[in-house]
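Hi there,

Here is the structure I promised to pass along. Have a look at it first, and my notes follow below.

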Amino acid sequence: MTHRGGCQAAAIIIEDLNGPQMQRVFPSLVLVLLIALLAVFLVNLPSLHREQGLPVFPALLAGQACFFGLLICTYCLYALLIEPGSNKNRLKRQLASGNTMPWLENKQWASRQMSHTRAGKVLFLWLFVVNWWGAIWFFATDRGDQFWEQSLPVMLLCGLFLLIGVVMLWSAIRNSISWIKFGTSNLVIDTLPGRPGEVFKGRVEIGFKPESRAVTKLQFAGFVRHWTQHMSAEGRRRINDRRDEAPFHECDVRIKAAQIEISGRGFSIPVNLDIPADARSSGACGDDCEVVWKLAVETKAPDGSSFDADFEVPVFGKTAI
């Protein structure tokens, strides 16, 4: 092999090591190692309690921490290794399916009803808050009398932990109030699917009547979503499995309070949106990208609190994907 050929081969190897696939290897190994360590520790907690004399409360706290750590690490591993490929495979299947009614593959679209709720976010926040303040309470009861004997950096670190706990507690309370107040909102689709050059019709059902002086805003936008990697501004590769482009179409519609009607489940906001004649169809537009049409709703409750929800809506041309 010549010197020039050897340099070219070395350059190819270095490029492969810096390529998108190799960028996943190190964080994946770290996550696998964390999962293994957490699993081993969780399995050995009962013996630590029985044989090593670990108190019940710290054992339960450590068990909760390990359990949630396993969930988080497993989800991160899924998002890093499995989700990108599954989304690309989904887009490839859409391109190759030749289905003349692709909107029926989406169960919510097929049922003509889509839901928006904050229940999952509220549950996660309260699980985090309970475990976080449980850990603070344990250390406060076990070592609280030694707090003023610690160095300034340790005291500042403890203060940071308290601040995080307060912020997360406030976020959990605020989102819980919003969830209890607004409940689940639904978009009922009348035109399935929306067609380019026509009007997309439906209604958003909410559990309260907006403030009489408030103007409800509907924002209708279409954009391209990428499931791929891209180069960062600093010139280094980074994983970005979901990236939304700037909207290629965007319009706002304002609904007055008098236009909102009483419905069987509360109040109904009418949806009548003009779809541009050259609108691109929802769904796959390549092996790693798809077109998304989204309807966002913003209004105010009688007490002045803000409400917002968004729904992905079906827009398809006369021909299938």
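Let me begin with K217, which is partly exposed at 22% relative accessibility. Please keep in mind that this is a predicted model. The side chain of K217 forms a salt bridge with that of D252, at 3.8 Å from N to O. K217 sits in strand β4 and D252 in strand β8, so the bridge ties together parts that are 35 residues apart in sequence. D252 is partly exposed too, with 41% relative accessibility.

Strand β4 also holds R225, whose partner E312 lies in strand β13; this pair ties together parts 87 residues apart in sequence. R225 is buried, at a relative accessible area of 4%, whereas E312 is partly exposed at 31%.

The structure holds six salt bridges in total. Another one joins D190 and R203, with the closest N and O atoms 3.7 Å apart. D190 is in the loop between β2 and β3, and R203 is in strand β3. Salt bridges link D190, R203 and E205 in a network.

On the nonpolar side, W126, V130, W170, I173 and I177 make a surface patch of about 490 Å². Helices α5 and α6 each supply at least two of its residues, and α6 gives the largest share, with three. I173, in helix α6, is partly exposed at 33% relative accessible area.

As for the whole protein chain, there are six helices and 13 strands, and buried residues make up 34% of its 321 residues.

Conventions
Residues are numbered from 1 along each chain as its sequence is written. This is a predicted model: local features need pLDDT of at least 70, side-chain atom pairs count only at pLDDT 80 or more; totals for chains, interfaces and linings use all residues. Side-chain values use heavy atoms; hydrogens and water are left out. Patches are made of residues with over 30% relative accessible area and no salt bridge: like charges are joined within 9 Å, nonpolar side chains (Val, Leu, Ile, Met, Phe, Trp, Tyr) within 5 Å. Accessible areas come from the Shrake-Rupley method with a 1.4 Å probe; for residues, only the protein chains shown count as cover. A salt bridge is a side-chain nitrogen of Lys or Arg within 4 Å of a carboxyl oxygen of Asp or Glu. Helices (H or I, at least four residues) and strands (E, at least two) are DSSP runs, numbered from the N terminus. Buried means under 20% relative accessible area, exposed over 50%, partly exposed in between (1.4 Å probe, protein chains only).
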